[in-house]
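Here are my notes on this chain, point by point. Please read them with the structure open.

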Amino acid sequence: MGDYVTPGEEPQEPGIYRSEQMCLAQLYLQSDASYQCVAELGELGLVQFRDLNPDVSSFQRKYVNEVRRCDEMERKLRFLEREIKKDQIPMLDTGENPDAPLPREMIDLEATFEKLENELREVNKNEETLKKNFSELTELKHILRKTQTFFEEHEDMIASSAENSGIGDVLSADEEELSARFSDAMSPLKLQLRFVAGVIQRERLPAFERLLWRACRGNVFLRTSEIDDVLNDTVTGDPVNKCVFIIFFQGDQLKTKVKKICEGFRATLYPCPDTPQERREMSIGVMTRIEDLKTVLGQTQDHRHRVLVAASKNVRMWLTKVRKIKSIYHTLNFFNIDVTQKCLIAEVWCPIAELDRIKMALKRGTDESGSQVPSILNRMETHEAPPTYNKTNKFTKGFQNIVDAYGIATYREINPSPYTMISFPFLFAVMFGDMGHGVIMFLAALFFILKEKQLEAARIKDEIFQTFFGGRYVIFLMGVFSIYTGFMYNDIFSKSVNAFGSSWTNSIRHEYIDDVLEKGEKASEAQWMLVPELAYDGNPYPIGVDPVWNLAEGNKLSFLNSMKMKMSVLFGIAQMTFGVLLSYKNFTYFKSDLDVKYMFIPQMIFLSSIFIYLCIQILAKWLFFGSAPGSVLGYTYPGTNCAPSLLIGLINMFMMKSRNAGFVDEEGNIVPQCWLSTWYPGQATIEIVLVILALVQVPIMLFAKPWLLYQREKKQTRYSTLGGSGGGASTSQSVRADIAQDDAEVVHAPEQTPKPAGHGHGHGDGPLEMGDVMVYQAIHTIEFVLGCVSHTASYLRLWALSLAHAQLSDVLWTMVFRNAFVLDGYAGAVATYILFFIFGSLSVFILVLMEGLSAFLHALRLHWVEFQSKFYGGLGYEFAPFSFERILAEEREAEENL
């Protein structure tokens, strides 16, 4: 490909065939107007800014403080959003796109967010404290209740044991005195026993018991009781199951050990009075405090809910505003600043066709800011390759993504996307051709298209769904073309439709048929054949495949394989030839005469001499060699057994073997192996000339262009040596704004012309390196020559996958659904419903989804490798404009993926 064509020299062509014409421009913005101008450009979304401060770190740029302030506001809004989602409050998202706020509005936004965050954090802190107190009081309530129950059970046990011991019978005289003494003896206070009470998580209790027993050597008495209510953890808020425990011990040392063990197991100890009266009074006080806490906690939660509901109405709009402000200041950091600090200078890539809209956006931004100095847009001359910008809509976007997945187009080279819109679904359908399966795919895509607004609003996150939904128009066309190819194959769920009447008639005598049918079971094994000379009426089926072939058992596959194999070769060579013709459009557009003369013309000659000649042979065989004998191209044609074998004939063409001329000798007898004979006058000579012509093109493609490049470089070097420094080099002019005073002054200053970018051919990148040029040319020549052979064979996948799809469909019909028609009565009706469900499920999941995905991948490979390699470089980089719409969409997608 030749040197880069400057924008002024580019011929006008519709944008759909090539990327949009781009230009590099300088923007001169007054400091006060820069914010509003960038905001207007962000709403427009047609300008890509270049970073003019690549060596300056992010922390040393002019607007780093503003970006940090935006980050802080965004953090506060995300905090609000999390709290709103935690309370399951729906956030109002009207899809409104507010304008970017003015810089002075940032202070109001910051104050609003600061107030909301502080209020919410204070409410959360108070709520957390109240919940903690409530949880502790609830645990204390259960401790008082359980310990009271324990002591009451203990006193009852003492009384019952005293009655059972017979003390009252023996010492009946002193009954009251002894009873009092016994009670005092069993009291823990009189025995100098102490106790602690608390709560512990249920799962920690077994280990807690074992450690208490071992550490205290069995000198403690532990009683536990489960709390029936589920309590909430005071820190995490998660529900936990806890137990109340009471530990009796004697002495200060055991008390210290017990408390340390409780701390180790994170058990919470609570004060528990010794007397029942004190415990009852304390329990009443705890219940009163719990009721008060419930009231306060409810009021706190209501207040928090009201704050969050009010914030939920604006949080999405606030996020949009903050992200716009942040993106504006981030973009302003790409600008250069004039020494007077009054002017900002930027460099942008923009489409030439949109320059008027960009200028209007700059004017609106200047007017809104109240600046008296107009913003200036100045186009620059450059040899740097611009970004590639292909306009798309919701229909073309899917096909453009298929092309871009291979590589972004080099600037202004042919865009394969318009051709892919037809060729991709068509080649897919050649492999997938079935009217029934095509209708299923068509209806699924049609549902996505008709419900696209509702499905987009639903924001379904499933990746597989998004893949199908994003490619709905691709799937729609694949379904339409599959219906068409299924109609041409006369194939609907492996069955055929006799729409126009078959061209074949029954040539077998009815007496013979009746005789065979009377023989019973052996008749089913008999194979009958319709002889073309007798059964074929000579008029082909009007369109598509004759339905009679669906009844053939012996040679159905032979016929369909032969037809589809030749059809695949025709489609493949046609698409490859079209790709080579598109390369001619690229060469002429980039004014590369060497590529036209020594790449395109030799490639077309090579392709025509072998492969297009093969296609002509296939068409001639279909047209001239029928079932009836006759004269074909001056030779006597005996019948179908002498139809030429094209594959062996192609091999003989390369080996230059001598062959018989015609199908019969001078005496009228059929020659041996008549299918290998030449079938038109002068065929052997013409084929030798074509082979030699094709072989001659290889050294031309390999050496001609490098040699001429070398001669051109040599001539240019000699002229530059003779010219020396005497020739004055013209300097291009650029515009810069020098605002030294109040008035703006435009100063013209010389600008160094950028060095032209090379295109891999060794020219335009400095001195010519013949070694690199020869290696590059050898790679492309070998790739084309061998690729013509391998790519033609690769297109046979059209035949192979079509065969596989048809056979799988036939197997499903024969092995599954046809069995329902064998049964009669109610069993047949039930079997029909069940087997139809199985047949339909397998058809959708195996033939439509799995086979469809396989055909999609093969069609993708045919376009990337076989088609696009003939003309498509794919060495460009994508146009990434500064667009609020794109930035907000990316932020929303990132949020949804978290």
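1. F469 is buried, with a relative accessible area of 6%. The model is predicted. F465 has a relative accessible area of 16%; that is under the 20% limit, so F465 is buried as well. Both residues lie in helix α15, which spans residues 463-470. They sit 4 residues apart, about one turn of the helix. Residues three or four places apart in an α-helix point the same way, because there are 3.6 residues a turn.

2. A second aromatic pair is formed by W813 and F821. This pair is tilted, with 6.4 Å centre to centre and 50° between the planes. Is W813 buried or exposed? W813 is buried, because its relative accessibility is 17% and the limit is 20%. F821 is at 49%, so F821 counts as partly exposed; exposed would need over 50%.

3. The count of aromatic pairs comes to 49. F465 and F469 form one that is stacked. Their ring centres are 5.8 Å apart, with 10° between the planes. Ring pairs also build a cluster. Its members are Y17, Y406, Y419, F578, W864, F867, F871 and Y872.

4. Now the whole chain. It has 898 residues, and 42% of them count as buried. The chain holds 26 helices and 15 strands. Its accessible surface is about 49300 Å². Carbon and sulfur atoms own 58% of that surface. Take the contacts with a separation of 6 or more: residues 24 or more positions apart account for 80% of them.

5. Next, the nonpolar cores. The largest has 74 residues. Which residues touch the most other members? They are F606 and F663. Helix α20 (residues 593-624) gives the most to this core, with 13 residues. A second, separate core has 61 residues, among them L120, L319, Y411 and F879.

6. Not counting residues up to four places away in sequence, F606 touches F611, A694, Q697, V698, F784, V785 and C788.

7. L41 belongs to helix α1, residues 31-44. With a relative accessible area of 1%, L41 is buried. What does L41 contact, leaving aside its neighbours within four places in sequence? The partners are L27, L46, V47, F49, I358, A361, L362 and F882. F882 is 841 residues from L41 along the chain, yet their C-alpha atoms are separated by 7.3 Å.

8. E117 is found in helix α3, residues 105-164. Its relative accessibility is 6%, so E117 counts as buried. Beyond its neighbours within four places in sequence, E117 is in contact with R75, K76 and F79.

9. Helix α11 covers residues 397-406. Its buried residues include G398, F399, Q400, I402 and V403. Which helices do the buried residues of α11 pack against? They pack against α12 (417-432), α16 (472-489) and α25 (825-867).

10. Follow the pairings. β4 and β7 are joined by 6 bridges, and L222 has I247 in β7 as its bridge partner. β7 (residues 242-249) runs antiparallel to β3, and 8 bridges join the two. Here G198 is partnered by F245 in β7. β3 and β8 (residues 268-270) share 3 bridges, with A197 opposite Y270.

11. Last, the cover on this sheet. Of the 8 residues of β3 (residues 194-201), 7 are buried.

Methods:
Residues are numbered from 1 along each chain as its sequence is written. This is a predicted model: local features need pLDDT of at least 70, side-chain atom pairs count only at pLDDT 80 or more; totals for chains, interfaces and linings use all residues. Side-chain values use heavy atoms; hydrogens and water are left out. Buried means under 20% relative accessible area, exposed over 50%, partly exposed in between (1.4 Å probe, protein chains only). Two strands pair if DSSP finds at least two bridges between them. Contact means heavy atoms within 4.5 Å. Accessible areas come from the Shrake-Rupley method with a 1.4 Å probe; for residues, only the protein chains shown count as cover. A nonpolar core is a set of buried Ala, Val, Leu, Ile, Met, Phe, Trp, Tyr and Cys residues joined through side-chain atoms within 4.5 Å. Rings of Phe, Tyr and Trp (its six-membered ring) pair if their centres lie within 6.5 Å; planes under 30 degrees apart count as stacked, over 60 as edge-to-face and the rest as tilted.
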